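Please look through the sequence and the model first, then read on.

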Amino acid sequence: MINGIINVYKEAGYTSHDVVARLRGILKQKKIGHTGTLDPDAVGVLPVCLGSGTRLCDMLTGQSKEYRAGLLLGIETDTQDISGRVLAEKEVRVSEQQTREAILSFVGGYDQIPPMYSAIKVGGRKLYQLAREGREVERSPRRVEIHFIEIERLSLPEATLRVGCSKGTYIRTLCSDIGRRLGCGGTMQSLERTRVGEFSIEDALTLDQIERLQAAGELEGRILPVETVFADLPAVTVKKKFQKLIDNGNAFYRHMLLEKQEPAAGEQVRVYNEEGSFYGIFVYQKEGERFRPVKMFMEK
């Protein structure tokens with residue numbers, strides 16, 4: 001079984017679940033999970049976790065993201081993107097300067113109301129299921145952070161934006177909110193995710209490329225080992241005679257380390273055995289000089 005993370009370039013027409021399904025066929029393994037959905041019409045970076053790497057899915061889902069989005073002013077749709085049913089059309093009477101100011105005013109934190117066409121659950125049901133039944137329910141706003149917006153092109157009524165944002169941000173809702181602030185409405189007409197955490201679009205592989213590399217026996221070099229996600233954490237090595245403790249996912253003590261190290265209280269570390277195999281992330285408890293497991297990745 002392959003363990004690690006692969007940076008997939010999701011093409012238009014695929015759902016995130018479609019990507020996982022095809023990868024299961026290419027790699028001949030079931031243990032695969034994606035790290036956050038992309039709408040079928042959207043393209044771009046979709047890190048996919050393999051084998052023991054699936055335990056990273058929740059961590060990677062929470063990473064910051066970057067997008068390139070096409071904004072079309074003067075139109076509002078029920079899905080907040082160009083694929084939806086048009087609800088209103090208005091003449092765009094704003095200047096480029098007013099448009100720039102409105103767009104950039106969203107940089108920072110703002111309370112965003114999730115769209116009805118989303119997978120968020122209300123009362124045990126996903127919002128998009130309710131929307132397809134013609135129902136609209138009240139949604140609580142969620143605080144999101146827009147780290148930056150760069151206006152790459154502005155030719156009214158269209159604009160191309162580069163956006164860096166926190167997890168949980170809906171770019172189509174951002175486009176809709178910009179349109180509302182300008183008083184003419186707006187919708188998202190294209191979306192490309194260019195970065196998720198450390199995963200960039202320059203290194204992403206299409207499913208066809210992955211299939212060819214796998215057939216040629218050359219895919220291994222494009223799979224990121226699980227431990228590289230935690231490269232900023234210090235590493236410790238457990239002596240061989242105490243290895244059984246980490247084999248079983250148990251806590252261990254500082255005197256069991258191969259080298260004398262004492263992390264700060266509450267500091268997380270990467271744990272290895274003497275052969276250099278990565279086991280997982282542990283946290284150091286100064287009282288008792290003990291390392292407690294946080295998340296294990298070693299496959300038994």
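Which residues does isoleucine 178 touch, not counting residues up to four places away in sequence? They are Leu71, Ile103, Phe106 and Leu161, where contact means heavy atoms within 4.5 Å. The model is predicted: local features need pLDDT of at least 70 and side-chain atom pairs count only at pLDDT 80 or more, while totals for chains, interfaces and linings use all residues. Residues are numbered from 1 along each chain as its sequence is written, and side-chain values use heavy atoms, with hydrogens and water left out.

**Nonpolar cores**

- A nonpolar core is a set of buried Ala, Val, Leu, Ile, Met, Phe, Trp, Tyr and Cys residues joined through side-chain atoms within 4.5 Å; buried means under 20% relative accessible area, exposed over 50%, and partly exposed in between (1.4 Å probe, protein chains only).
- The largest nonpolar core has 28 residues, and those touching the most other members are Leu71, Ile149, Leu161, Val163, Ile171, Leu174 and Ile178.
- At least two residues of this core come from each of strand E4 (65-73), helix H3 (96-104), E10, E11, helix H5 (171-182) and strand E12 (186-196); helices (H or I, at least four residues) and strands (E, at least two) are DSSP runs, numbered from the N terminus.
- Another core, of 17 residues, lies apart from it, and its members include Ile6, Leu23, Ile26 and Ile210.
- In soluble globular proteins, nonpolar side chains tend to be buried together.

**An open sheet**

- Five strands, in the order E14-E16-E17-E18-E15, make up an open sheet with mixed pairing; two strands pair if DSSP finds at least two bridges between them.
- At the edges are strand E14 (235-237) and strand E15 (252-253), each of which pairs on one side only.
- E14 and strand E16 (residues 268-272) run parallel and are joined by three bridges.
- Valine 236 has valine 271 in E16 as its bridge partner.

**Backbone features in loops**

- Leucine 156 and proline 157 are joined by a cis peptide bond, with omega of about 15 degrees.
- The loop between strand E10 (142-155) and strand E11 (158-165) holds proline 157.
- Glutamine 80, although not a glycine, has a positive phi of about 70 degrees; the residue sits in the loop between strand E5 (75-77) and strand E6 (86-89).
- Glutamine 80 counts as buried because its relative accessibility is 12%.
- Glutamate 289 is also not a glycine, yet has a positive phi of about 50 degrees.
- Glutamate 289 belongs to the loop between strand E17 (278-285) and strand E18 (290-296), and is partly exposed, at a relative accessible area of 32%.
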